[in-house]
Amino acid sequence: MPLAPVDRLEILVLVDNATDILSSTPSHVESESAGLTRRGIRMMAGKCLCCAAHGLSCLVTAHRGAASHTVLFDTGPEDYAFERNVTRLGADLGMVESIVLSHGHWDHAGAMLLALNQIRSRTGGRKIPFYAHPGMFHSRAVKLPNGTLRRMEDVPSVKDLTAFGAEVLVTTEPRALLDDMFFVSGEIPRVTPYERGYPGQVRLTEDGKSWEPDELLMDERFLAVNVADKGLVVLSACSHAGVVNVLMHARDSFPGVVLHAVMGGLHLSGSNEAIIPQTVEGLRAFNLKAIAAGHCTGWRALTALAGAFGDKILAPSAVGKRYTF
């Protein structure tokens with residue numbers, strides 16, 4: 001699959017589980033407060049600030065020469081957080097040319113229809129390519145310790161997405177898009193023995209009469225960009241496949257291209273806290289220069305990552321941060 005190098009990559013975090021306007025950041029990361037200063041805000045107040053929400057959304061812009069392309073990667077859990085943060089960050093959704101949904105969970109697709117409205121209102125109403133996997137549209141639930149099921153809100157259907165102006169492209173195969181600046185993976189092979197997916201998840205069967213195991217979440221994909229003189233930057237929204245599996249597949253997809261950074265949720269919270277040591281050890285093999293973990297990673301995993309890699313490599317994700325590679 002072609003993936004032509006780009007000169008520069010910018011990733012603006014629109015939605016994440018945390019806000020952090022005070023912590024120092026490495027040179028390739030601009031904090032929310034630094035962004036306010038750059039945009040000319042002269043008085044700090046609550047009216048300026050973004051809000052945190054359980055989910056993830058990133059505005060991803062790649063530059064090559066005079067050309068640039070922008071992808072919206074997920075939209076977070078609901079309209080309020082997405083709309084508030086887009087407004088307060090001064091994010092230009094008119095730049096968005098494609099949308100990639102990482103997997104079929106509500107905390108990544110809850111504001112998708114609003115996002116389509118906002119994008120198309122700034123682009124003359126043109127249709128927006130929307131990259132999806134067929135498994136994203138199943139109804140899902142999680143089995144609780146007492147044996148009951150807690151259902152998840154469905155992601156918007158193909159019918160609804162189409163009605164809101166999306167050109168829905170459903171496939172299990174990898175895709176290169178926008179002048180080969182972006183790569184959307186296909187299904188991620190499960191190789192490691194310890195990365196088990198989402199324990200307890202089930203999905204509704206095709207006949208709608210029963211539930212079947214769905215812990216592997218085979219609909220999950222990653223987004224990757226090859227930055228010249230650096231290497232692959234991989235966005236893995238939740239890493240239900242396991243972040244080590246994700247990075248192994250990214251490396252295998254582009255032999256000879258080094259891995260530079262991984263960003264997103266590593267899903268090492270809850271029952272997956274048990275595999276933090278193996279995951280941290282597995283990450284060492286990739287010699288990453290940047291880890292921007294957030295969303296569902298969890299504080300215990302962030303603590304372990306900080307101890308293993310230090311703050312020259314680990315720069316935790318937070319709302320309003322802008323990463324430049």
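Predicted model: local features only at pLDDT ≥ 70, side-chain atom pairs only at ≥ 80, totals over all residues.
## Helix α8 and its buried face

Helix α8 covers residues 299-309. Its buried residues are A301, L305 and F309. Seen down the axis of α8, these fall within an arc of 45°, so they line one face of the helix. An α-helix has 3.6 residues a turn, so residues three or four places apart point the same way.

The face turned away from the buried side of α8 carries W299 and G307, which are exposed. What lies over the buried residues of α8? The cover includes α7, residues 276-284, and β17, residues 290-294. Just after α8 comes G310, with a positive phi of about 75°.

## How α7 meets α8

The axes of α7 and α8 come within 10 Å. They cross at roughly 35°. The crossing is right-handed.

On the α7 side, the contact is made by I276, V280, L283 and R284. On the α8 side, R300, A301, A304, L305, A308 and F309 take part. Eight residues of this contact are nonpolar and two are charged. No polar residue is counted in it. A301, L305 and F309 are also the buried residues of α8.

## How α6 meets α7

Helix α6 spans residues 243-253. The axes of α6 and α7 come within 9 Å and cross at roughly 20°. Angles under 35 degrees count as roughly parallel. α6 and α7 are therefore roughly parallel to each other.

This crossing is left-handed. V243, V244 and L247 of α6 meet T279, G282 and L283 of α7. The contact has four nonpolar residues, two polar ones and no charged ones. L283 of α7 takes part here, and L283 is also in the contact with α8.

## Helix α2 and its cover

Helix α2 runs over residues 79-89. Which of its residues are buried? They are A81, F82, N85, V86 and L89. Seen down the axis of α2, they fall within an arc of 120°, so they line one face of the helix.

Several elements cover the buried residues of α2. Among them are the strands β1 (8-15), β3 and β4. The helices α1 (32-38) and α4 (112-122) also belong to the cover.

## Two residues with positive phi

Most residues other than glycine have a negative phi. D74 is not a glycine, yet it has a positive phi of about 70°. D74 sits in the loop between β4 (67-73) and α2. D74 is buried, with a relative accessible area of 0%.

L217 is not a glycine either, and its phi is positive, at about 45°. L217 lies in the loop between β13 and β14. Is L217 buried or exposed? L217 is buried, with a relative accessible area of 0%.

## C58 in strand β3

C58 belongs to strand β3, residues 57-64. C58 is buried, with a relative accessible area of 2%. E10 is 48 residues away from C58 along the chain. Their C-alpha atoms are separated by 9.8 Å.

Leave out residues up to four places away in sequence, and C58 touches I11, L12, L14, V71, L72, F73, D74, L235 and M263. D74, in this list, is one of the residues with a positive phi described above.

H105 lies in the loop between β5 (96-100) and α3 (106-109). H105 is buried, with a relative accessible area of 3%. Leaving aside neighbours within four places in sequence, H105 is in contact with R140, M152, V155, Y198, Q201, L217 and H240.

R221 is found in the loop between β13 (211-213) and β14 (223-227). L217 is in the loop between β13 and β14 too. R221 is buried, with a relative accessible area of 4%. Beyond its neighbours within four places in sequence, the contacts of R221 include V100, L101, S102, Y131, A132 and H133. M136, T171, V184, S185, G186 and I188 are also among them. How far is R221 from N117, C-alpha to C-alpha? R221 and N117 are 24 Å apart in space and 104 residues apart in sequence.

How values were computed
Residues numbered from 1 in each chain as written. Heavy atoms only, no water. Buried < 20%, exposed > 50% of the residue type's maximum accessible area, 1.4 Å probe, protein only. Helix = DSSP H or I, 4+ residues; strand = E, 2+ residues; numbered from the N terminus. Arc of directions from axis to C-beta. Contact = heavy atoms within 4.5 Å. Axes fitted to C-alpha atoms, helices over the stretch in contact; angles between N-to-C directions. Left-handed = near helix turned anticlockwise from the far one by under 90°. Nonpolar A, V, L, I, M, F, W, Y, C, P; charged D, E, K, R; others polar. Parallel < 35°, antiparallel > 145°, perpendicular 65-115°, else oblique.
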